[in-house]
Amino acid sequence: MQTSLSGISKRARRDKTHRFGNLYGLLNEKNLHWCLPQLNKKASCGVDRISWQEFKENATDNIRALVNALKAGCYKAKLIKRRYIPKGKGRRPLGIPSIGDKLLQYACALILSAIYESDFLPFSHGYRRGKGPQRAALELSRSIHRGRFRWVVDADIKGFFDHLDHDWLMRMLALRIDDRRFLGLIRKWLKAGILEEDGKVIHPLTGTPQGGVISAVLANIYLHYVLDLWFEKRVKRHCRGDVMMIRYADDMVCCFQYYDDAKRFYRDVQARLGKFKLQLSVEKSLLLLFTRFQTETSNRFTFLGFEYYWSQSRTGKPLVKMQTSKKKLLAAIRSFQSWIKANRSRYSTRILFVKLRQKLQGHWNYYGVCNNIQRLDYYYRAVTEIMYKWLNRRSQRRSYNRSSYSDMLEYYRIPRPRIVAYW
């Protein structure tokens with residue numbers, strides 16, 4: 001599999017117009033066996049209620065049955081189980097494919113990534129190896145600090161994963177793929193029915209379910225043609241001053257030197273998205289002043305969980321700073337409080353402190369950027385105080401006082417706030 005992907009990647013870099021054929025043949029038993037260990041072993045089961053461990057116990061027969069169905073042309077995508085997770089004041093829908101479909105999707109996602117990785121532009125950070133949300137956030141901060149930008153367009157696409165147009169996506173894929181069976185397989189996943197929590201089955205006309213292994217790659221390809229190439233070849237050409245865009249999935253921030261360029265882009269991007277059956281989220285999209293020359297009157301904006309604002313360095317020079325947004329900070333504290341209330345009596349003390357260490361370390365790994373130590377310290381004090389409160393409510397007697405609780409934090413090596421990322 002790795003050798004095949006390497007060859008595809010080299011050919012894609014060499015010839016930007018080449019259309020790849022015989023990709024369907026890569027979905028063989030040997031390659032699928034190689035892909036199986038790469039899947040998330042703890043992921044939820046699909047509609048068939050088969051876990052990764054159960055599939056692995058009889059992997060040879062299961063994979064052979066998948067490959068035989070592909071060869072015979074009788075493969076059918078199973079229903080996608082839909083679950084909802086909290087997001088702000090609402091809920092975000094997630095789609096959970098069956099383990100067999102997930103395995104095939106993973107193999108196809110690797111093939112698509114090998115083809116399109118050389119086509120994707122540097123400012124596209126969503127779902128790409130070697131990139132990520134923190135890197136995108138840091139790159140935005142660095143670019144604004146070093147650039148001559150005065151105006152920022154913080155744009156968000158409304159319900160992108162639910163409104164992605166299937167016909168447009170298939171036309172985009174056909175520009176680089178000349179394999180009808182491979183494209184037909186992708187269309188089957190796009191048209192797969194969705195099993196709601198109440199038992200109702202929905203047959204989608206648009207969109208791709210969040211949570212599907214291949215959905216992230218397809219979304220990136222779609223926005224590559226809709227936004228990235230348009231911005232690079234059309235928007236930049238018609239702007240008088242410096243322009244720059246950073247995009248992670250459907251979240252993007254565009255920076256402009258002149259107001260008329262920013263205003264024109266804010267107007268044109270709505271028409272551009274409308275052409276591809278998408279819509280700009282007006283309540284989440286802003287055009288605002290953000291410049292080193294007016295630090296006191298410049299606005300603030302958020303991107304990927306970070307709040308950006310102008311301040312001064314120790315030498316008195318303007319400096320772009322990042323801190324955890326208030327919304328994400330409060331959401332993280334509420335999430336931890338809900339978790340400890342539900343699990344304080346379920347786990348032993350040792351496991352609770354190990355979980356606390358893992359949660360704090362994960363928070364530092366993402367939000368531990370320069371100039372964010374105050375928000376990190378606030379989160380640490382809030383979380384440890386909540387932990388202290390609910391541990392003492394596990395029984396009628398108080399389990400800890402302040403001194404003993406501090407000793408426990410030290411014994412289990414609970415990490416203090418620290419900066420892990422600099423630009």
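Which residues lie nearest the centre of the second largest pocket? They are Ala-109, Leu-110, Ser-113, Ala-114 and Arg-129, out of 22 lining residues.

First, the ground rules. This is a predicted model, where local features need pLDDT of at least 70, side-chain atom pairs count only at pLDDT 80 or more, and totals for chains, interfaces and linings use all residues. Residues are numbered from 1 along each chain as its sequence is written, and side-chain values use heavy atoms, with hydrogens and water left out.

Back to the pocket. On a 1 Å grid over the protein atoms alone, a pocket is an open set of points where a 1.4 Å probe fits, with protein on both sides within 12 Å along at least five of seven lines; lining residues have an atom within 4 Å of a point. The second largest pocket holds about 630 Å³ of space. That volume is the space filled by probe spheres set on the points, with grid points joined across faces, edges and corners.

Who supplies the lining? Helix 1 (2-14), helix 5 (99-116) and helix 10 (215-235) each give at least two residues. Helices here are DSSP runs of H or I, at least four residues; strands are runs of E, at least two; both are numbered from the N terminus. By class, the lining has 11 nonpolar, seven polar and four charged residues. Nonpolar means Ala, Val, Leu, Ile, Met, Phe, Trp, Tyr, Cys and Pro; charged means Asp, Glu, Lys and Arg; the others, Gly among them, are polar.

Strands pair if DSSP finds at least two bridges between them. Axes are lines fitted to C-alpha atoms, for helices over the stretch in contact; angles run from 0 to 180 degrees between N-to-C directions. Contact means heavy atoms within 4.5 Å.

Now the pairings. Strand 6 and strand 7 share six bridges, antiparallel. Met-245 faces Cys-254 across that pair.

Is strand 6 buried or exposed? Six of its six residues are buried, so strand 6 is largely enclosed by the rest of the structure. Buried means under 20% relative accessible area, with a 1.4 Å probe and protein chains only. Val-243, Met-245 and Arg-247 cover one face; Met-244, Ile-246 and Tyr-248 are on the other.

Now Leu-140, in helix 6 (133-146). Leu-140 counts as buried, at 0% relative accessibility. Beyond its neighbours within four places in sequence, Leu-140 contacts Met-244, Ile-246, Val-253, Cys-255, Phe-301, Phe-303 and Tyr-308.

Three strands, open, antiparallel, order 9-10-11. Neighbouring strands there are turned by 40° on average, direction ignored. Strand 9 and strand 10 (306-312) are joined by three bridges. Phe-303 has Phe-306 as its bridge partner in strand 10.

Note on methods:
Buried < 20%, exposed > 50% of the residue type's maximum accessible area, 1.4 Å probe, protein only.
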